[in-house]
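Please look over the sequence and the structure before reading on.

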Amino acid sequence: MKTAAIICEYNPFHNGHLYQIEQIKSQLAVDHILAVMSGDFVQRGTPAFCGKYTRAELALKNGVDLVLELPVCYASASAEYFAYGGISLLDSLNCVDYLVFGTEAGNLQSLKNCARLFTEEPKDYRELLQNQLKKGLSFPAARAYSASKILGTDMSALLSAPNNILAIEYLKALSKCGSPIEPYTIQRMGSDYHDTNMTCFSSATGIRTEIMRHGIQPDLESAVPHDTFRYFKTFYHTDFPVIFNDFSEMMYYQLITEPHPERYLDYHPELMDRIMKKHKSFCDIETLISDVKSRNFTHARISRYLLHLLLKITEEQASSSCQYAKILGMKKSHSKCIKHLNKSSSIPIIQKISQYKSVLDGDALSSFEQTLRATELYRYTVNKKYQTKRVSEFAQSLLIV
């Protein structure tokens, strides 16, 4: 039995995601496609546009067979931690044959060369990197220049593309875990990661931007599968969108009461100093981020730190390997996959939330409960914003499609 895995956000699920799944089925002879998906908070350091069970259901309806939740300490972190969390989870299942990811490059060997260089960091590479940083180059620019010199080919384009960068982190994490999982890349189709134009292959960023600016318009239908568009039409302004500003009151309270902001992932004293100078005129999170943003601190970096402060996520948590796997949903026709997981996995598989205290302890228990708190915070916020009655995670049954 062969299994392919995807580490994803599906925020929201669009045609590019569907294309990737179709390519897996046509290019790889696998029996199952498994997705490790971010929960209610995502890597940009924001809440997910729509909830995790909605996104899991759309994935299952469009070709994924089993969806596992990536704990929030990895899901909300930068590429290195995000990749390591997902890979360490998949490696511990002991049943995944392929890790499939989309890239702008479509050239696995070039990505492997960069991953090996960044993992080994030979002396000549480190010296070049430090020299370029001293000249005032940003870290991404200095890294691209140094890699190009060492590898003998221009890496600037490859290392400026978001999905290529994430792919390199996947390869580094596979090496770090000593994993037998085989990486397999599928070239992205259509719009760039940050492109906001509407096309058949629009990016998730473009789709979110379109909805925030114009609501649910007919041109969205060509950019997403039928099930996604039907969800958009049915639940717009009753279940989604969820944005960071919806958490502004909670964030303000955390900013004025947290005695040790230095404990949390992505903390930097200069960044915190800028935040504290601006927070007295706080009106909402996005305005604060815009006021604090500088050459040294990007929007994403600030957003991630604020989210980690809100959810109390530490670097130690994000640096540790994933120690459990929680099932969000599955296809009824692939129920045997769970039995196989339970036999092969070296970490506990959580199918019913009521069982977690009996099978988890230590860091695994702490991580699970941290993700549980994040889920409940998201649920409370959605219920308050849209006057709905989303059920507690404890009342949520396993999603079966």
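## Overall form

The chain contains 18 helices and ten strands; helices (H or I, at least four residues) and strands (E, at least two) are DSSP runs, numbered from the N terminus. Its radius of gyration is 21 Å, close to the 21 Å that the globule rule gives for 401 residues, so the chain is as compact as a globular protein of that length. The radius is taken over C-alpha atoms, and the globule rule is 2.2 Å times the number of residues to the power 0.38.

This is a predicted model, in which local features need pLDDT of at least 70 and side-chain atom pairs count only at pLDDT 80 or more, while totals for chains, interfaces and linings use all residues. Residues are numbered from 1 along each chain as its sequence is written, and side-chain values use heavy atoms, with hydrogens and water left out.

Of the 401 residues in the chain, 55% are buried, where buried means under 20% relative accessible area, exposed over 50%, and partly exposed in between (1.4 Å probe, protein chains only).

Helix H7 (residues 139-151) has 13 residues and, at 1.5 Å a residue, should span 18 Å; its end C-alpha atoms are 18 Å apart, which agrees. The expected span is 1.5 Å times one less than the number of residues. Within H7, Ala142, Arg143, Ala144, Ser146, Ala147 and Ser148 are buried. Their cover includes helix H5 (108-120), helix H6 (123-134) and helix H8 (162-177). After H7 comes Gly152, with a positive phi near 75°.

Helix H8 also holds Asn164. Is Asn164 buried or exposed? Asn164 is buried, with a relative accessible area of 2%. Leaving aside neighbours within four places in sequence, Asn164 is in contact (heavy atoms within 4.5 Å) with Thr103, Glu104, Ala105, Leu111 and Leu158.

## Backbone features in loops

| Feature | Value | Loop |
|---|---|---|
| Asn11 to Pro12, cis | omega about 5° | Pro12: between strand E1 (3-8) and helix H1 (15-27) |
| Phe240 to Pro241, cis | omega near 5° | Pro241: between helix H10 (226-235) and helix H11 (248-257) |
| Asn94, positive phi | phi near 60° | Asn94: between helix H4 (79-93) and strand E6 (98-103) |
| Asp266, positive phi | phi near 80° | Asp266: between H11 and helix H12 (269-278) |

Asp266 is buried as well, with a relative accessible area of 17%.
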